[in-house]
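Please look over the sequence and the model below. The paragraphs after it go through a few local features in turn.

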Amino acid sequence: MNYFAHPTAVIDEGCTIGAGTKIWHFSHIMPGCIIGSNCNIGQNVVVSPQVVLGNNVKVQNNVSVYTGVTCEDDVFLGPSMVFTNVFNPRSAVSRKEEYRKTIVRKGASIGANATIVCGYEIGEYAFIGAGAVVTRAVAAYAIVVGNPAKQTGWMSRNGHKLHFDADGIASCPETKEKYLLNNKIVTLLQ
């Protein structure tokens with residue numbers, strides 16, 4: 001075993017867990033899921049079958065990552081945030097064949113108590129504010145907040161708000177990386 005699992009964690013057979021990953025108290029890792037290297041799975045987390053978590057994904061306490069969810073590398077899932085996988089759930093109606101896929105792209109962060117309605121893509125390095133309810137796709141580098149979530153700006157890869165000049169250029173104050181805003185799409189300039 002090349003990962004750490006707290007003695008109270010339940011790790012089902014048939015899952016894949018990468019080297020250096022840590023799984024904490026009372027978490028349940030279900031069969032068929034894939035967890036990358038150097039992830040941190042907090043307390044009371046459920047990772048359902050067929051979920052894919054990339055490398056260096058941080059899942060904070062009390063998060064359930066349901067079937068249909070894929071998180072790429074370096075994703076942050078804040079405490080008690082919520083994924084869904086059925087658009088119109090009913091207790092008496094089985095809709096397991098109707099799970100909608102949700103993709104969280106590289107480097108995106110989802111704040112505490114946010115809800116992600118299934119079937120959408122969260123763009124790379126997007127930032128979902130605490131308590132936001134996401135009901136549509138979120139662009140790369142976008143900052144969204146509120147219920148329903150609305151975009152309020154753009155964020156750098158290092159988590160700083162970007163302020164674009166008249167030419168559509170912004171710099172991260174920490175890294176000095178430059179970004180271009182063109183037709184509501186942000187790209188990192190090389």
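Ile35 has Leu53 as its bridge partner in strand 9. This is a predicted model, and that pair belongs to the pairing of strand 6, residues 34–35, with strand 9, residues 52–53. The two strands run parallel and are joined by two bridges.

Next, the cysteines. How many disulfides does a search of the whole structure find? The count is zero. A disulfide is a covalent bond between the sulfur atoms of two cysteines. Cys15 is in no disulfide, and the cysteine sulfur nearest to its own is that of Cys33, 4.8 Å away. From the side of Cys33, the closest cysteine sulfur is in Cys15, and because the cut-off is 2.5 Å, the separation of 4.8 Å is too far for a bond. Both residues count as buried: Cys15 has a relative accessibility of 19%, and Cys33 has one of 1%.

The last stop is Asn2, in the segment before strand 1 (4–5). Is Asn2 buried, exposed or partly exposed? Its relative accessible area is 48%, so Asn2 is partly exposed. Leaving aside residues up to four places away in sequence, Asn2 touches Ile17, Gly18, Ala19 and Gly20. Asn2 and Ala19 are 17 residues apart along the chain, yet their C-alpha atoms are separated by 4.9 Å.

Terms used: Residues are numbered from 1 along each chain as its sequence is written. This is a predicted model: local features need pLDDT of at least 70, side-chain atom pairs count only at pLDDT 80 or more; totals for chains, interfaces and linings use all residues. Side-chain values use heavy atoms; hydrogens and water are left out. Helices (H or I, at least four residues) and strands (E, at least two) are DSSP runs, numbered from the N terminus. Buried means under 20% relative accessible area, exposed over 50%, partly exposed in between (1.4 Å probe, protein chains only). Contact means heavy atoms within 4.5 Å. Two strands pair if DSSP finds at least two bridges between them.
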